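The entries follow in the order in which I looked.

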Amino acid sequence: MEISPLTVIDIHEQTKDISTYANFPLALVNDHVVRVSVMTEPYYWHLHPNSDESFLSVEGSLYIDLDSGTIELFPGQLFTIPKNTKHRTRPGGERSINLTFESMDLETIRLDS
């Protein structure tokens, strides 16, 4: 997908026909990327050693599991995970859609086997 500046991006249009897990960039902002994720299954436990990661729920609910407990985000709610924090995400139902805001050079370290 080519990311063009000065373009209106319709998140609902981009995701309406997606019924399996998908994650792709929507926009570049300075040295960060805005990604959309269609969650239909849990993502694995991981951490990012070089970047914080912010989640904005768009549709459905999104669970963010942390060592300290679970956060549930609903549409319009934002939550930031500091770098080096172990976490995983999963949909609160059959499907959720969220945006993530993260460094373009984001590193992901998988923690489960």
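Entry one. In this predicted model, I began with R35 and E102, which form a salt bridge whose closest N and O atoms are 3.7 Å apart. I placed R35 in strand β2 and E102 in strand β9 (residues 96-103), so the pair ties together parts that are 67 residues apart in sequence. I then looked up accessibility: R35 is partly exposed, with a relative accessible area of 21%, whereas E102, at 6%, counts as buried because the cut-off for buried is under 20%.

Entry two. I turned to R95 and E59, a salt bridge with its closest N and O atoms 3.3 Å apart. R95 sits in the loop between β8 (87-91) and β9, and E59 in strand β4 (residues 53-59), so this pair links parts 36 residues apart in sequence. I noted R95 as partly exposed at 23% relative accessible area, and E59 as partly exposed at 28%.

I found K86 in a salt bridge with D67, the closest N and O atoms being 3.6 Å apart. K86 counts as partly exposed at 32% relative accessibility, while D67, at 62%, counts as exposed.

For the strands, I read an open sheet of five in the order β1-β2-β9-β4-β7, with antiparallel pairing. The edge strands, β1 (22-29) and β7 (78-81), each pair on one side only, and the twist averages 25° from one strand to the next. I followed β1 and β2 (residues 32-39) through seven antiparallel bridges, and in β2 I found V33 as the bridge partner of L28.

Methods: Residues numbered from 1 in each chain as written. Predicted model: local features only at pLDDT ≥ 70, side-chain atom pairs only at ≥ 80, totals over all residues. Heavy atoms only, no water. Pairing = 2+ DSSP bridges. Helix = DSSP H or I, 4+ residues; strand = E, 2+ residues; numbered from the N terminus. Axes fitted to C-alpha atoms, helices over the stretch in contact; angles between N-to-C directions. Salt bridge = Lys/Arg side-chain N within 4 Å of Asp/Glu carboxyl O. Buried < 20%, exposed > 50% of the residue type's maximum accessible area, 1.4 Å probe, protein only.
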